[in-house]
Amino acid sequence: MHQSVARQTGYLPGDPEYRKLSVALFAAGLATFALLYSTQPLLPQLVDAFHVSPSQSAFSVSFATFGLGLALLIAGPASEVLGRTNLMRWSVAATSVFALLSAFAPTWHLLLALRGLQGIAMAGLPAVAMAYLREEVHQDSHARASGLYIAGTAVGGMAGRLIAGGLSDLGGWRFATAGIAAVGVLCAAVVWLLLPASRNFHPSAARPHDLFRVLRDPALLALYGIAATAVGAFVAVYNGAVFRLSGSPYELSAGAAGLVFCVYLLGSAGSATAGTLADRYGRRKVVPIGCLITLAGVAITLAAPLPLIVLGLAVMTAGFFAVHGVASGWVPARAHASGVGTGQASSMYLFSFYLGSSVFGGLAGTAWSRAEWNGVAGEAGVLFLVTLVLALLLKNVPSRVQN
């Protein structure tokens, strides 16, 4: 009887399968995003280990995010044919294996190749996690279950950087990479053991041409641009901050410099607050304000005292997550109101997001090599200004109810 009810209505809090699903998706989100940016605090060590420039070292982040972005365009439609559960299980497992192999990469080019494969492998989770939740969890508990998954990704993004930085102080970048990979393996085991099989999934034919329909709405195009430029600036700042804090006059170790990623906690608060304000005053008003906050944060980081640098990073982080949180929720709402596929629109947003992270985040190394922090802050400032312009242009796009 319980099984039949689950099939018809989805799992509710209190159901054993709901608890398993929640734990599994939290672990999956933690592993995926811990592994994605795990090399960011290790960039100075990679420069020394492989005798590459700061701009080249940033490729260790960009190759993973670029591979993820490209694979997202395939993983989402593929899940409509292949199913959700197996794709997520294999995604987390393969990502962890490639991460472990990265720790033993003998050459720089092989490391980059493994990071690219790691990004491709991990696309199976973010591409289908929300669809899986919509199908398997009762509609009254969607927000709660989704929140646990998002919490896992946020904790993973922060923990990956913190753990990698701390372990590198103990045993170097290889030890740190292997340690993060071990976390991924443990999380993959949890996913394989606990993630319930899909009960309400129904295969459907892939329709690649639907993707082009989400490129015709000017509002959606602006939102894709916001995703690319905002995250590009955000990643560029943190890539550059690692070099700044490890150099003179601060001379922080990788572990100590990694502690600045604790300001990610303010990102959760910024996103939640912005969402509440957007419900009250509208997205068109809130997103530009978030852009102004990011610009203020970048300006504060130009100061020399370490406390002001951390304050600037905190302000920028809160502003970025406010922009991203509102914009990412705006995409499916706008797509639905425009009569186009919400899944395809969200996939394109994520593709733009990780493409911007790869391209603009990677340019931070070049900006640092040419003008150090002023160059990085300048790049981020220009990108956030473009984000602001796009947000203001959205005010002139005709509303389609959910804006």
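This is a predicted model: local features need pLDDT of at least 70, side-chain atom pairs count only at pLDDT 80 or more; totals for chains, interfaces and linings use all residues.
Confidence comes up before anything else. The mean pLDDT of the protein is 85. Of its residues, 90% reach 70 or more. Where is confidence lowest? In helix H1, residues 2-9, with a mean of 49. Helix H7, residues 108-122, has the highest, at 95. Look at the start of the chain, too. Residues 1-7 have pLDDT below 50. Beyond near neighbours in sequence, that stretch has nine contacts in the model.

Now the domains. The assignment gives two entries: domain 1 is 15-196, and domain 2 is 210-402. Their C-alpha centres lie 21 Å apart.

On to the area between them. The size of an interface is often given as the accessible area lost when the parts come together. Here, domain 1 and domain 2 bury about 2,500 Å² between them. Carbon and sulfur atoms account for 71% of that. On the domain 1 side, take note of Gln40, Leu73 and Met158. Together these three supply 20% of the area that domain 1 buries against domain 2, more than any other three residues.

What about polar links? We have 10 residue pairs in polar contact between the domains, with both residues at pLDDT 80 or more. Salt bridges across this interface: zero by the rule.

Next, helix H15, residues 306-338. Just after H15 comes Gly339, with a positive phi of about 80°.

Last, two backbone spots to look at on screen. Most residues other than glycine have a negative phi, and most peptide bonds are trans. His51 has a positive phi, near 55°, and is not a glycine. You will find His51 in the loop between H3 and H4. Then there is the bond joining Ser248 and Pro249. That peptide bond is cis, with omega about 5°. Pro249 sits in the loop between helix H11 (218-246) and helix H12 (254-258).

How values were computed: Residues are numbered from 1 along each chain as its sequence is written. Side-chain values use heavy atoms; hydrogens and water are left out. pLDDT is the predictor's confidence in each residue, from 0 to 100. Helices (H or I, at least four residues) and strands (E, at least two) are DSSP runs, numbered from the N terminus. Contact means heavy atoms within 4.5 Å. Domain bounds come from an automatic or database domain assignment. Buried area is the accessible area (1.4 Å probe) that two parts lose on being put together, summed over both. A salt bridge is a side-chain nitrogen of Lys or Arg within 4 Å of a carboxyl oxygen of Asp or Glu. A polar contact is a pair of N or O atoms within 3.5 Å; within protein, one must be able to donate a hydrogen and the other to accept it, and residues adjacent in sequence count only if both atoms are side-chain atoms.
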